[in-house]
Amino acid sequence: MESLIPSLICDFYKTSHHNQYPKDTEFLYSTLVPRSNKYLPTVDRVVSINITGFLKKYFVDYFNKFFFERPEDEVVQEYSEFIKRTLGIDDNGAHIRKLHKLAYLPIRIKAIPEGMSTPIGVPNLTIENTHKEFAWLTNYLETLLSCSLWSPITSASIARQYRLIGEKYAAKTCDNNGHVSFQFHDFSMRGMSSLESAQISGLGHLIYFDGTDNISAITYADKYYSGKTAKDWNPTSISATEHSVMCALLAKQEASGKGRDETESYRYLIKDVYPSGFVSIVSDTYDFWHNIEHVLPSLKEEIMNRDGRVVIRPDSSDPVQVVCGIPGSNGLTVEEKGLIQDLWDTFGGTVNEKGYKVLDPHIGAIYGDSITLERAELILAGLEAKGFASSNIVFGIGSFSYAGPTRDSLGFAVKATSVTQSGIEYPIQKDPKTDPGKKSFRGRIKVVNDKCIDNMSSTGDYSDDELEVVFDNGIVSHVDIGTIRKRALSEI
């Protein structure tokens with residue numbers, strides 16, 4: 001954080017805009033809009049999230065500590081020297097000095113309540129200055145606003161689709177949906193671009209699910225979204241091995257020439273290390289199908305006598321075929337039958353009220369490599385076709401889902417739509433003939449019943465506006481994670 005300069009937390013071209021607006025410009029009003037899902041077509045609604053966390057972290061804590069609480073001359077000199085060094089321009093930073101003297105960010109933000117969703121093309125947020133000397137500040141903050149919000153909003157919107165898939169197949173193949181909140185597990189942290197990216201993206205996952213390996217997302221929610229209902233929220237994970245563990249367990253055996261059979265490794269884990277409770281064992285370090293065909297059957301008695309569940313985790317190959325089997329095959333070998341059928345053949349289970357098979361609770365499966373929305377759907381559809389309940393599989397959702405998208409995946413853009421000059425408000429609009437998809441709204445806006453109504457002014461009726469004031473020269477209200485989750489799940 002210390003390497004960031006608050007007065008320069010923007011794109012370079014923003015530093016010149018304060019001189020470019022007409023001198024009588026008093027207020028600028030802009031909208032944040034997800035304009036298109038052409039690069040993420042499976043997402044049809046956009047979820048509001050991380051508004052409170054972002055505002056508290058940057059607009060309050062960060063600007064207070066690194067800007068307003070520092071000496072005025074110091075922050076102005078810092079700005080002016082940087083502009084001179086990088087652009088060769090003499091800028092005395094008078095506008096920066098005025099902001100420092102004001103001692104707060106003169107900004108008003110309205111946003112869709114966190115946890116709620118809106119259709120593609122409907123604004124998530126509006127931003128405007130509240131003091132007539134700081135019209136330049138509205139879009140000066142665009143860069144910070146955009147880079148802090150597009151990712152968690154996109155991840156939450158993707159998580160919403162995973163939740164819908166889970167609920168869909170639970171309704172078709174299960175007696176209840178009690179497993180769905182743990183069926184999709186956040187495995188993405190190691191593939192994110194930074195710790196902060198992991199935190200805010202992981203927050204988007206956590207409003208729909210209780211399962212995560214992204215600890216940083218939980219601590220972020222604890223810090224910025226605490227409250228009474230948060231106390232009833234207990235995100236969790238289970239003990240699990242990784243390949244280094246499985247290799248280490250087999251090192252001496254392999255060195256002595258006894259091969260790579262992992263029977264004793266499994267036995268050690270389920271009897272000595274975890275004699276009870278849940279444990280996930282990564283099972284493809286060497287020969288996955290050997291483990292399924294030989295190791296697990298040899299340990300059936302120990303597994304069935306445990307007070308807990310052994311979860312088998314394949315970690316490579318085609319996830320659809322590994323879990324469901326090979327379509328069109330004879331279905332005779334373990335590979336052809338697929339993991340779930342193999343576990344059923346070894347450990348059995350029950351048939352639920354809807355007629356679908358449910359594995360014995362002592363055994364389970366999770367697949368956490370190369371999962372996408374499309375593959376999750378294919379796997380659950382494949383299990384349904386084979387007569388298995390969707391509750392038999394858990395998915396690990398990795399960075400392909402949560403770090404793969406970009407700002408363009410949902411077409412996020414901040415565009416000015418209203419300007420006030422010499423006391424008169426004018427609606428403005430971007431309308432490029434070369435790309436009609438980039439046409440912005442015009443004037444002030446409100447959101448009513450999933451639709452954006454534009455061409456409004458500051459004197460319009462906003463009593464039915466779904467956008468709520470969340471920042472007005474400071475934080476207006478606090479929302480906790482429990483409230484957000486309740487909102488999000490109410491739409492599922």
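Strand E1 (residues 25-34) pairs with strand E14 in the antiparallel sense over nine bridges; two strands are taken to pair if DSSP finds at least two bridges between them. Strands (E, at least two residues) and helices (H or I, at least four) are DSSP runs, numbered from the N terminus. Opposite Lys415 in E14 stands Thr31. Strand E14 (residues 412-421) is mostly covered, with eight of its 10 residues buried. Buried denotes under 20% relative accessible area, exposed over 50%, and partly exposed the range in between (1.4 Å probe, protein chains only).

E14 is also joined to E15, by four bridges, and these two strands run antiparallel. Thr420 has Glu425 in E15 as its bridge partner. Together E14 and E15 form a hairpin with two residues between them, and Ser422 in the turn has a positive phi of about 50°.

## Basis of the model and overall dimensions

The model is predicted: local features need pLDDT of at least 70, side-chain atom pairs count only at pLDDT 80 or more, and totals for chains, interfaces and linings use all residues. Residues are numbered from 1 along each chain as its sequence is written, and side-chain values use heavy atoms, with hydrogens and water left out.

The protein contains 18 helices and 18 strands. Its C-alpha atoms fill a box of roughly 80 × 50 × 45 Å, taken along the principal axes. Of its 492 residues, 53% count as buried.

## The parallel sheet

An open sheet is formed by six strands in the order E6-E13-E12-E9-E8-E7, with parallel pairing. Strand E6 (184-186) and strand E7 (239-240) are the edge strands, each pairing on one side only.

Within this sheet, strand E8 (residues 279-282) and strand E9 (residues 310-313) run parallel and are joined by four bridges. The bridge partner of Val279 is Val310 in E9.

## Salt bridges

The structure holds 28 salt bridges, a salt bridge being a side-chain nitrogen of Lys or Arg within 4 Å of a carboxyl oxygen of Asp or Glu. Side chains of opposite charge can pair when their charged atoms come close. One of the pairs is Asp450 with Arg45, whose closest N and O atoms are 2.9 Å apart. Asp450 lies in the loop between E16 and strand E17 (451-456) and Arg45 in strand E2 (residues 45-47), so the pair ties together parts that are 405 residues apart in sequence. Arg45 counts as buried because its relative accessibility is 18%, whereas Asp450, at 29%, counts as partly exposed.

In another pair, Asp90 bridges to Lys84, with the closest N and O atoms 3.1 Å apart. Asp90 is exposed, at a relative accessible area of 66%, while Lys84 counts as partly exposed at 41%. Glu133 forms a salt bridge with Lys98, the closest N and O atoms being 3.6 Å apart. Glu133 lies in the loop between strand E5 (125-129) and helix H5 (135-140) and Lys98 in helix H4, so this pair ties together parts that are 35 residues apart in sequence. Glu133 is partly exposed, with a relative accessible area of 43%, and Lys98 counts as partly exposed at 44%. Salt bridges that share partners also join Arg108, Glu128, Glu425, Arg444 and Asp472 into one network.

## Surface patches

Lys38, Arg407, Lys430 and Lys438 form a positive surface patch. Patches are made of residues with over 30% relative accessible area and no salt bridge; like charges are joined within 9 Å, and nonpolar side chains (Val, Leu, Ile, Met, Phe, Trp, Tyr) within 5 Å. Lys and Arg count as positive and Asp and Glu as negative, with His and the chain ends not counted; the place of a charge is NZ of Lys, CZ of Arg, CG of Asp or CD of Glu. Lys438 is situated in the loop between strand E15 (424-427) and strand E16 (444-448), and at 35% relative accessibility this lysine counts as partly exposed.

A nonpolar surface patch consists of Phe12, Leu87 and Ile89, which together have about 260 Å² of accessible area, by the Shrake-Rupley method with a 1.4 Å probe and only the protein chains shown as cover. Phe12 is found in the segment before helix H1 (17-20) and counts as partly exposed at 43% relative accessibility. Ile89 occupies the loop between helix H3 (72-87) and helix H4 (94-102) and is partly exposed, with a relative accessible area of 42%. Ile89 and Tyr225 are 136 residues apart in sequence and 42 Å apart in space, C-alpha to C-alpha.
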